[in-house]
Amino acid sequence: MQSPLFLNRRAMLSRSSQGLGAVALAPLLRPAMAAPTAGVLEKLHLPQKAKRVIWLTMAGGPSHLETFDPKPKLAEMDGKPMPESFTKGQQLAQLQGKPLMCFGPQHKFAKFGKNQTEICDLFPQIGSVIDDICLIRSMTTDAINHDPAHMFMNTGSQIAGRPSMGAWVTYGLGTEASDLPGFVVLTSLGRGGQNQPIAARQWSSGFLPSKYQGVQLRAKGDPVLYLTNPNGISRDQQGADVAAINALNQQHNTLIDDPEIATRIAQYEMAFQMQASVPDLMDLSKEGAKTLELYGCQPGDGSFASNCLLARRLAERGTRFIQLYHKDWDHHGGVKEGVALKAEEIDRACMALITDLKQRGMLEETLIVWAGEFGRTPMSQGGSGRDHHNKAMSVWMAGAGIKGGLVHGATDDLGYAAVDKVTTVHDLHATMLHQLGIKHEAFSFKFQGLDARLSGVEGAKVIKEVLV
């Protein structure tokens with residue numbers, strides 16, 4: 001029969017791994033133990049162009065028809081029935097079985113850059129740096145509803161439990177940050193107010209060791225709950241308690257050699273470092289007035305612009321994968337007004353991030369990806385909106401060996417489906433890994449008897465035409 005002491009100890013060990021909020025309660029007194037973490041890839045497969053990734057997620061599914069994919073033919077057919085040849089037998093989300101009417105682009109497009117690339121005129125700031133951007137107009141995805149579509153974009157699978165791309169990258173490459181997580185997530189909410197939840201499993205480590213999971217920092221208020229010591233508890237007192245817990249963890253690990261116990265110990269050590277590093281990271285008042293003006297943000301406002309500036313600060317400090325979610329792109333109605341609000345919130349910030357990294361000599365080593373989870377239909381929903389759509393979407397990339405000023409692929413005349421140089425989410429993941437120096441087909445983890453990969457097993461390809 002197991003003793004009460006053993007049961008209490010086991011319960012304590014279990015409770016001590018409940019995430020960073022709990023971990024941050026327990027800083028260690030051994031900061032020297034923390035160091036940059038190496039990944040499992042001792043030698044890279046390819047020359048490394050990108051040292052880090054900043055992934056800008058436009059949560060809700062931005063309409064390519066009001067952002068980056070001009071469709072004059074669709075404008076001509078506004079209000080007319082959608083040709084059945086496009087839609088017969090095709091998967092639709094909420095428009096299934098309803099009259100399908102063409103819905104023309106709700107905003108004008110303008111030409112920008114040396115190659116006169118056409119994008120919506122709501123995005124003049126992005127237009128000003130379009131020569132640094134590769135615009136992919138032929139992206140497709142497998143999923144057609146929000147949560148599985150986010151899962152597919154983040155993990156390469158619609159099934160929950162797979163590692164997110166940030167976890168894969170830090171598993172392979174480790175991190176250069178000694179006092180911050182290697183994978184950080186920030187979220188922001190637009191003025192439209194569609195606060196659709198983003199589940200934490202979107203940045204899960206899945207079947208990889210849990211130390212590779214993403215850590216969410218809050219853009220407003222305390223960035224991490226319980227980051228400071230409770231009133232009346234000194235750093236020495238707290239550290240003594242945690243040192244005792246860690247000693248038990250170490251003893252238990254020698255008996256069963258469980259990687260999750262090693263993860264738990266590392267989390268405590270990281271939490272100690274973060275008590276000093278996170279407040280400094282989040283203090284945007286140290287940025288000059290010109291930088292704040294460039295991004296168009298105020299310290300502590302929790303905006304997408306502030307998160308873009310925080311992304312640059314995280315990149316400077318060695319964080320390997322930084323993912324920003326900006327919500328409120330789900331325009332089943334009022335797409336004209338909705339996209340106009342979104343443009344005001346992201347246009348300057350995206351330009352500023354590219355410009356700032358370029359000025360600091362960091363863009364050539366930083367891969368930026370802008371993407372939603374799917375596109376929108378060229379057919380009207382409710383007379384003023386667009387339904388979910390997985391056959392056509394626009395994404396863009398910049399930095400780290402990506403060809404600037406390039407438009408890759410195309411959709412048909414009505415923007416219904418990608419028809420030229422069709423690309424998939426798996427292709428996008430393969431290309432990201434390629435720029436990080438990793439052959440996607442050679443980067444796997446044995447799970448349930450199979451060699452699981454971020455890029456899947458369906459035959460992903462690197463999009464070589466977009467690479468320098």
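In the predicted model, helix H11 (residues 304-316) packs against helix H12 (residues 335-359) at an angle of about 15°, and the two axes lie 8 Å apart. Helices here are DSSP runs of H or I with at least four residues, and strands are runs of E with at least two, numbered from the N terminus. Axes are lines fitted to C-alpha atoms, for helices over the stretch in contact, and angles between N-to-C directions run from 0 to 180 degrees. H11 and H12 are therefore roughly parallel to each other (angles under 35 degrees count as roughly parallel, over 145 as roughly antiparallel, 65 to 115 as roughly perpendicular and the rest as oblique). On the side of H11, the contact (heavy atoms within 4.5 Å) is made by Phe304, Ala305, Cys308, Leu309 and Arg312. H12 contributes Glu345, Ile346, Ala349, Cys350, Leu353, Asp356 and Leu357.

Residues are numbered from 1 along each chain as its sequence is written. As the model is predicted, local features need pLDDT of at least 70, side-chain atom pairs count only at pLDDT 80 or more, and totals for chains, interfaces and linings use all residues, while side-chain values use heavy atoms, with hydrogens and water left out.

Strand S7 (residues 183-188) pairs with strand S9 (residues 321-326) in the parallel sense over six bridges. Phe183 has Phe321 of S9 as its bridge partner, and Ser188 stands opposite His326 in S9. S7 and S8 also run parallel, joined by two bridges, and Val184 stands opposite Val215 in S8.

In a regular strand, side chains alternate between the two faces of the sheet. In S7, Phe183, Val185 and Thr187 point one way, whereas Val184, Leu186 and Ser188 point the other way. Six of the six residues of S7 are buried, so this strand is largely enclosed by the rest of the structure (buried means under 20% relative accessible area, exposed over 50% and partly exposed in between, with a 1.4 Å probe and protein chains only).

Definitions and conventions
Two strands pair if DSSP finds at least two bridges between them.
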